[in-house]
Amino acid sequence: MLIRLGPPVAILLLAGPILAGLAGTVLPAFGYLPALGGTSFSLDAFRQLPAEPGIGRSVMLSLGVGLVATLVSVSVVALFLAGWSGTRTFARVQHLISPLLSVPHAAAAFGLAFLIAPSGMIARLVSPALTGWEQPPDLQIVNDPLGLSLAAGLIVKEIPFLLLVSLAALQQASPASRAALVASLGYGRVAGFLFGTWPAIYRQVRLAVFAVLAFSTSVVDVAAILGPTSPATLSVRLVGWMGDPDLSMRFLASAGAVLQLGVTALALAIWVGVERAAAMSRDMVCEMGTRFRRDGAARMAGLGAMSFAATVVFAGLATLALWSAAGLWQFPEALPREFTLRTWTNVLPRIGGPLGVTLAVAAAATTIAVAVAIFYLARESETGRAGGRGALALIYLPLLVPQASFLFGLQLLFLLAGFNASLPALVLAHLVFVLPYVFLSLSDPWRAYDRRYDAIAAGLGKSRLRALLSIRLPILTRPILVAAAVGFAVSIGQYLPTLLIAGGRLPTITTEAVALASGGNRRVIGVYAFLQMLLPVIGFAIATLVPALLWRRFRALRV
Amino acid sequence: MKFLLSAAVSLFALSGFAFAAEPDPAKWDEVLKDAKGETVYWNAWGGAENINAYIEWAGGEIEKRYGVRLVHLKVDDAAKAVGTVLAEKAAGRTEGGAVDLIWINGENFASMKREGLLMSPGWAEKLPNWRYVDVDNKPTIRTDFTIPVEGLESPWGMAKLVFFHDSAKTDPAAMPKSADGLLAWAKAHPGRFTYPQPPDFVGSSFLKQVLAEKIADRALLQKPVDEASFDDVTKPLFDYLDVLHPVLWRSGKAFPQNYPAMKQLLADSEVDIIFAFNPSEASSAIAAGELPDTVRSFTFPGGTLANTHFVAIPFNAAAKAGALVLADFLISPEAQARKQDPKVWGDPTVLAVDRLPDEGKAAFAALDLGVATLKPDELGPALDEPHPIWMERIETEWKRRYGAAN
């Protein structure tokens, strides 16, 4: 019974909040919101939108930053896979990159900001010896008007995501035989991969790339930390309007959220054009017949870009850790004058509340998500019908629709239902984002399970439920725990859903950290970002250690 | 959808029928009894860690003494809390509101008073500790940005605009003595001064300081804005900013988001002059290891803005008795003395120290105000805050002119 309910529940949990939320956003955008006196439909809010100062620039920023960040991340991942897949270096870099997936976006963005600011770590290391700077130069690096540092912040976080998604696809594309084939035709490694294997991989990861693009065009927390301020990107301004004490601004915010939806859709349309152009130029180059055998430079560039992205995040996080224990630390000193645990002892006693909420919500959302995903997949195994493209698109839906566009409406609905700022509401909102990741992480190992075990169980007269509980789930302990750890990490990193749905009543580590970021107190941000990073790492450690301990006497299940 | 909305709204309307009796601070014993076991949700700006720590301490004390639990809802702008209360009023939620106490003054107080969003009648002057409040020498306690307070909010601390610089890097004698002097200094040192981006209240206060110095007739600021002459009257301010912005930090294309972010810029030597609304702020920062101990304060001899900040209770607060107990605790000699300690926060007291019992006098006498804090007689004259509507109009105008600087 439970298993049969799997697919409908999953669809309800994924699509329900999004559709309800979109309705709650679109109606006020067209002037309908009885609680605020809007009882008739009008286009006033959309007329007001173009009059906002710098709105055109905000839209262009969102669009441009999203496209650039996506293009660069996809290119780096493709080049790195092309140059190095199947090598030892590849395995090493992969191990280096994997933990980065669990670093929340905001923490990575803080780290980057402390690294590259004119008074940041890099400038301190080379000053005044190399630069002669006794005081930091007046350069607009962070919050730069073109959004370059924002794009960089997104790139270093999207590369690990795209790499890990591509790895799953790579294994199914039988890369070794393809590589042998193109090599026998005389192609160089990089060109051979791009011509022969990449198209098959890209077809599989396309939705993930779309998700990256949708996220990058509509991100709020990273844009608030690294993005331009006058004007800010569209998404940041939306959230500002939403929190404006003048409630009539809600109509404008809703219209802006609809605009954001349009911007993201336009970005996706442009991206489809980019895909076509890339495919055409690939075909043209391919038809020229050049083999590109001397591709050492391209390979090094791929490796260099990939390692650089990882190094930037790690260096940023190390700088954060340093700040959290720093006493007075003036420019251009490369190290604090003194170290102190004062920040930690000040902050830790007060971190209990947010930490409790973070853990409770993450645990609840993850448990539900894992259960729903298992029921869904179990039903799929029973009926033998994989969801296909439609189901996959549905799973990606929460990652494709800009968060602000449906969260505003969802917040409004919860508010009117008196359900806002409650733990269940927050869990539900997190679930919308946790479920897709849990799903994507669990579905491949689930489908790769050897179904002959089920046949043996059936032959021994065991029910399907019994076979699921006593055989399949234990064998899949590790992938299930890894999926849970992924979901846990996603929940911890959620900023906008927590901010809007909890209305400040249920602060989490992430909302506290982003709120503190505006205060620029690097010591305190360092503590919060460190915890933000630590929690997912603990999750992944459990996912690795528990199966190892559980199955230490079972050779075939050892990791 | 329509049905859902109207059903939800009528639900709120229904729940509003039962009115509870308002707690009366004149009968303090009953207030204390009511308050026991209540949870007070206090919406207060949460951008400074030392202030958050102080609020945490106050929460611990009232829980221990009166059994009142305090939850600090950290907001980045008090206006958001006002928005919450307004939204609740619009939705018909006349009791059981989400906000019990707001840290507030100026235009937010004015709009709450105007919209009838405050617990009334006036309660602040009936609090037991009110007898120590220095209403004689601190006129801004009863007049908040020209608006009569009438006991609708209880004073918490005093504020005065004060500038800071690092005496190890810049010469104290070269520091500007007026807004014009500041402009001349900024021109001579391009990229070494900035201010928080309005509508941050410290940033907006800088605009008001310049306006108060540059306006032809300062008396106009005590009255609401006259729209017809607004452009003429504020022309000196915006002319000033037009000249100032190109020589600001990042050429005026980016601004720090608030005071703590600007303080970090001084610590990083990105700017040379900063300012705060709290005279002992620099000493607090030195005590916390955030600024070097060579930082010193100065003000303008012609006067700088001064005001009082308050706490107010919304009309629909769920824990009014608890909020009263907290408001009273905040003006107790003990809490006020601790607040003025630069090692804790350094926010000046609203009490008349000479009227306190001996114990309270001793607590204040024992305070070391720190090397960077000016003595009361060095703080210079106080300029009155303009009518709150000026701040709103100037902020809108600022956003229109400079909000899209790139």
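Two residues are in contact if their C-beta atoms, placed from the backbone, lie within 7 Å. On that basis, helix 13 of chain A meets helix 18 of chain A through A:Ala253, A:Ser254, A:Ala257, A:Gln260 and A:Leu261 on the one side and A:Ala404, A:Ser405 and A:Phe408 on the other. By class, this contact has five nonpolar and three polar residues, and no charged ones. The model is a predicted one. Helix 13 covers residues 249-288 of chain A and helix 18 covers residues 403-416; the two pack at an angle of about 145°, and their axes are 8 Å apart. The crossing of helix 13 of chain A with helix 18 of chain A is left-handed.

A second pair in chain A is formed by helix 3 (residues 55-84) and helix 12 (residues 234-242), whose axes lie 8 Å apart at an angle of about 125°. Helix 3 of chain A and helix 12 of chain A are therefore oblique to each other. From helix 3 of chain A the contact takes A:Ser58, A:Val59 and A:Ser62, and from helix 12 of chain A it takes A:Leu234, A:Ser235 and A:Arg237. These residues divide into two nonpolar, three polar and one charged.

Further along chain A, helix 20 (residues 452-459) and helix 21 (residues 464-475) have axes that come within 10 Å and cross at roughly 135°. Helix 20 of chain A and helix 21 of chain A are therefore also oblique to each other, and their crossing is right-handed. Helix 20 of chain A contributes A:Tyr453, A:Asp454, A:Ala457 and A:Ala458, while helix 21 of chain A contributes A:Ala467, A:Ile471 and A:Arg472. Five of the residues in this contact are nonpolar, none is polar and two are charged.

In chain B, helix 8 (residues 230-244) has 15 residues and reaches 21 Å from its first C-alpha to its last, close to the 21 Å expected at 1.5 Å a residue.

The contact between the chains takes 51 residues from chain B and 44 residues from chain A. On the side of chain B that touches chain A, at least two residues each come from helix 1 (2-15), helix 3 (49-66), strand 2 (69-75), helix 4 (78-90), helix 9 (259-267) and helix 14 (388-402) of chain B. Helix 4 of chain B gives the most to this side, with seven residues. By class, the side of chain B that touches chain A has 26 nonpolar, 14 polar and 11 charged residues.

Terms used:
Residues are numbered from 1 along each chain as its sequence is written. Chains are lettered from A and ligands numbered from 1 in the order in which they are written. This is a predicted model: local features need pLDDT of at least 70, side-chain atom pairs count only at pLDDT 80 or more; totals for chains, interfaces and linings use all residues. Helices (H or I, at least four residues) and strands (E, at least two) are DSSP runs, numbered from the N terminus. The expected span of a helix is 1.5 Å times one less than its number of residues. Axes are lines fitted to C-alpha atoms, for helices over the stretch in contact, and angles run from 0 to 180 degrees between N-to-C directions. Angles under 35 degrees count as roughly parallel, over 145 as roughly antiparallel, 65 to 115 as roughly perpendicular and the rest as oblique. A crossing is left-handed if the near helix is turned anticlockwise from the far one by less than a right angle, and right-handed if clockwise. Ala, Val, Leu, Ile, Met, Phe, Trp, Tyr, Cys and Pro count as nonpolar, Asp, Glu, Lys and Arg as charged, and the others, Gly among them, as polar.
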